[in-house]
Amino acid sequence: MKRFMAMLNRNKNKDPPPTKLLDLAGQLCRDLQSSSPALEKLVGAVMDCRHKMYFLTNIHVVRACVLLHARDGQYDTACRLLEYCKAEEKKELVQLWHEIHYRRVMEQQQVDFLTPVQKFRCRKRNPPPLSLCPEGLKNQNFSREVRQQLHRFAAEVTTNPNKQQREELAQDLNLQPTQVYNWFANYRRRQKS
């Protein structure tokens, strides 16, 4: 930690800071995850540095900064950090985005955990920004053609296909048999209501 602080002070005017300094920050963030006071000091130094955007290219630094801000209830600051950081690990950044919003909801509802349904609703209400998901969120719905074929099968054959019928449908539609099974279960549920 002392070595990092000394290097940071020596290189505070270098633009960009040396790679060795950036790597050391990432390593320290990874190593100090369980040591809260030391990690807070490190994150404070990084966030006060005028070159903090360079540090926010390292996923370990980003994670440490975001989790400390979220722990302190600074959810908006944590979200902005994620939105503007330049780390390449987009999947992990999206996961952090969701974790921040889970914590916010748990605090608002004064609960210790969220059910899967609550987490789903939280993700739907707080989708990650385009900077984290440039291609947009993956849609789990089937294409129009697949849905039309499934509806046709339900109308003309049965709404409760047996295992062989599900497997044949799955093969014809390039789906997994469990996807076909779930579609028909959901279809029957929708028909009842």
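**Close-up views of helix contacts and salt bridges**

**View 1. E92 is partly exposed, with a relative accessibility of 25%.** The model shown here and in the other views is predicted. The partner of E92 in a salt bridge is R63, and the closest N and O atoms of the pair lie 2.3 Å apart. This pair connects distant parts of the chain, since E92 belongs to helix 7 and R63 to helix 5, 29 residues apart. R63 has a relative accessible area of 18% and is therefore buried, the cut-off being under 20%.

**View 2. Helix 5 and helix 7 are roughly parallel to each other.** The axes of helix 5 (residues 59-71) and helix 7 (residues 90-109) come within 10 Å and cross at roughly 5°. Helix 5 contributes I59, V62, R63, V66, L67, A70 and R71 to the contact, and helix 7 contributes E92, L93, L96, E99, I100 and R103. Among these residues, eight are nonpolar, five are charged and none is polar.

**View 3. D76 and R104 form a salt bridge between their side chains.** The N to O distance is 2.7 Å. D76 lies in helix 6 (residues 75-84) and R104 in helix 7, so that the pair, 28 residues apart, links distant parts of the chain. Both residues are partly exposed: D76 has a relative accessibility of 47%, and R104 has a relative accessible area of 22%.

**View 4. A network of salt bridges links E40, R71 and D72.** Within this group, the side chains of R71 and D72 meet at 3.2 Å, N to O. R71 is partly exposed at 41% relative accessibility, and D72 is partly exposed at 46%. The whole structure contains four salt bridges.

Conventions. Residues are numbered from 1 along each chain as its sequence is written. This is a predicted model: local features need pLDDT of at least 70, side-chain atom pairs count only at pLDDT 80 or more; totals for chains, interfaces and linings use all residues. Side-chain values use heavy atoms; hydrogens and water are left out. Axes are lines fitted to C-alpha atoms, for helices over the stretch in contact, and angles run from 0 to 180 degrees between N-to-C directions. Helices (H or I, at least four residues) and strands (E, at least two) are DSSP runs, numbered from the N terminus. Angles under 35 degrees count as roughly parallel, over 145 as roughly antiparallel, 65 to 115 as roughly perpendicular and the rest as oblique. Contact means heavy atoms within 4.5 Å. Ala, Val, Leu, Ile, Met, Phe, Trp, Tyr, Cys and Pro count as nonpolar, Asp, Glu, Lys and Arg as charged, and the others, Gly among them, as polar. Buried means under 20% relative accessible area, exposed over 50%, partly exposed in between (1.4 Å probe, protein chains only).
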